[in-house]
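Please read it with the structure open.

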Amino acid sequence: MPVDESDLDWSPIGPDDTGFRRKQLGDADGGDQLGCSLYELPAGERSWPYHYHTKNEEAMYVLAGSGLLHLDDEEHSLSAGTYVALPTGEEHAHRIVNDGDETLRYLVISTMDEPDVVGYPDAGAVGVYAGSPPGGDEDDRELSGFFDPEDRLDFWTDVADAGADGSGEPDGSDGSSASEGSTE
């Protein structure tokens, strides 16, 4: 069923009242495999942190205003009528900055696949989304969080041995894991 964007409320983006906001058009129309959001980014503000997706492809189309697209460590000018495809992978990491004098208004269209892992190269972190992809309904998320890859657990010593006796604690026995001899 068609949706008129003027009937939708704006949702603020981020923890501060920067004025960065969106309307989730695809969700409002019942979209499942394809998302579409209308964004407004005030002058002097930045969008999401510099990031890339491993599962979801995105594209953006600028409706009004001007700005910069940081894409794979290069800057590209944005203005009304600019279209940009943002495939998956670190080489397509991106961030939008409004360096103009007026609000930058643009659409972002994306696949809505999950789970998705999002890399944040500047922060040295990753985000994980399962149950609902980035941009999807947060109430449907089974798992989400942001992690520093340097804080990795070792599967055989930190994970497989934890709770081998069902207690949730390492078993403290001879160091063998509960899955020893298993083909899993």
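1. The model is predicted, so local features need pLDDT of at least 70 and side-chain atom pairs count only at pLDDT 80 or more, while totals for chains, interfaces and linings use all residues. Residues are numbered from 1 along each chain as its sequence is written, and side-chain values use heavy atoms, with hydrogens and water left out.

2. The protein chain has two helices and 13 strands (DSSP runs, H or I of at least four residues for helices and E of at least two for strands, numbered from the N terminus). Of its 184 residues, 35% count as buried (under 20% relative accessible area with a 1.4 Å probe, protein chains only; exposed is over 50%, partly exposed in between).

3. The largest nonpolar core has 15 residues, of which Met60, Leu78, Ile96 and Tyr106 touch the most other members. Such a core is a set of buried Ala, Val, Leu, Ile, Met, Phe, Trp, Tyr and Cys residues joined through side-chain atoms within 4.5 Å. Strands 3, 5, 6, 8 and 10 each supply at least two residues of this core, and strand 10 gives the most, with three.

4. Beyond its neighbours within four places in sequence, Leu78 is in contact with residues including Met60, Val62, Leu68, Val84 and Ile96 (contact means heavy atoms within 4.5 Å).

5. Which helix holds Phe155? Phe155 lies in helix 2, residues 155–159. Phe155 counts as partly exposed because its relative accessibility is 46%.
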